Amino acid sequence: MKIDTDTNRPADDTPSFRESEGTQESLDIKYMKEAIKLARKAGKHMEVPIGCVIVHEGKIIGRGYNRRNTDKTTLGHAEITAIKKASKVIGDWRLEDCTIYITLEPCQMCAGAIVQARIPRVVIGSMNPKAGCGGSILNILEMPQFNHVCQVTRGVLDSECSTLLSTFFKNLRESKKTQTRAD
């Protein structure tokens with residue numbers, strides 16, 4: 001796998017977010033902001049702040065945010081929740097005319113679910129070099145060996161998405177230190 005030395009991420013021929021122009025860029029920003037709102041909601045519930053929306057014909061048809069701790073399930077990821085909701089609205093497991101917006105690069109489970117749902121376009125806020133399967137560790141979303149390959153746009157509102165996560169984890173570490181001192 002070829003690595004881009006500037007970003008330390010897998011290099012590919014996919015146009016980056018910054019190279020795109022016009023209406024698609026403004027729509028990507030609009031819907032990523034909606035995903036960020038959901039990520040903030042997750043953070044308020046002391047969940048890792050990850051949010052996701054699925055858009056079909058200009059309408060949000062699925063929303064989700066991390067709820068693993070709240071629901072006490074491994075399946076409580078933002079993408080899984082949003083896919084379930086969107087499938088219910090569409091009335092089919094195939095989400096072939098949709099775009100999914102995620103504040104953090106999906107894990108292997110979520111990337112697999114996106115491919116299985118046949119979602120053609122994936123828009124990612126920030127990459128996840130420790131667990132990402134949309135280009136960082138693996139690239140399940142764009143593997144030509146599968147019967148469905150997604151078009152991926154990376155880096156939409158990257159700074160805002162990354163800051164949300166880093167602030168959450170910084171506050172969590174500080175809270176644990178304070179708790180340890182109190183005990």
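## A first look at this chain

Arginine 121 is buried, with 10% relative accessible area. Welcome to a predicted model whose protein chain has 183 residues, 44% of them counted as buried. The chain holds 5 helices and 7 strands, and from the N terminus on they run β-β-α-β-β-α-α-β-α-β-β-α.

**Salt bridges**

- The whole structure contains 7 salt bridges.
- Arginine 121 pairs with aspartate 28 in one of these, with the closest N and O atoms 2.7 Å apart.
- Because arginine 121 sits in strand β6 and aspartate 28 in helix α1 (residues 23-44), this pair ties together parts that are 93 residues apart in sequence.
- Aspartate 28 is buried too, at 1% relative accessibility.
- Arginine 63 and glutamate 34 form a salt bridge whose closest N and O atoms are 3.6 Å apart.
- Arginine 63 belongs to strand β4 (residues 59-65) and glutamate 34 to helix α1, so the two tie together parts 29 residues apart in sequence.
- Glutamate 160 meets arginine 40 in a salt bridge of 3.2 Å, N to O.
- Shared partners join Glu34, Lys37 and Arg63 into one network of salt bridges.

**A polar contact**

- Serine 136 lies in the loop between β6 (121-126) and β7 (151-154), and its side chain makes a polar contact of 2.6 Å with that of glutamate 105.
- Serine 136 counts as buried because its relative accessible area is 17%, which is under 20%.

**A charged surface patch**

- Lys130, Lys170, Arg173, Lys177 and Arg181 form a positive surface patch.
- Lysine 170, found in helix α5 (residues 158-182), is partly exposed at 46% relative accessible area.

Terms used: Residues are numbered from 1 along each chain as its sequence is written. This is a predicted model: local features need pLDDT of at least 70, side-chain atom pairs count only at pLDDT 80 or more; totals for chains, interfaces and linings use all residues. Side-chain values use heavy atoms; hydrogens and water are left out. Patches are made of residues with over 30% relative accessible area and no salt bridge: like charges are joined within 9 Å, nonpolar side chains (Val, Leu, Ile, Met, Phe, Trp, Tyr) within 5 Å. Accessible areas come from the Shrake-Rupley method with a 1.4 Å probe; for residues, only the protein chains shown count as cover. A salt bridge is a side-chain nitrogen of Lys or Arg within 4 Å of a carboxyl oxygen of Asp or Glu. Lys and Arg count as positive and Asp and Glu as negative; His and the chain ends are not counted. The place of a charge is taken as NZ of Lys, CZ of Arg, CG of Asp or CD of Glu. Helices (H or I, at least four residues) and strands (E, at least two) are DSSP runs, numbered from the N terminus. Buried means under 20% relative accessible area, exposed over 50%, partly exposed in between (1.4 Å probe, protein chains only). A polar contact is a pair of N or O atoms within 3.5 Å; within protein, one must be able to donate a hydrogen and the other to accept it, and residues adjacent in sequence count only if both atoms are side-chain atoms.
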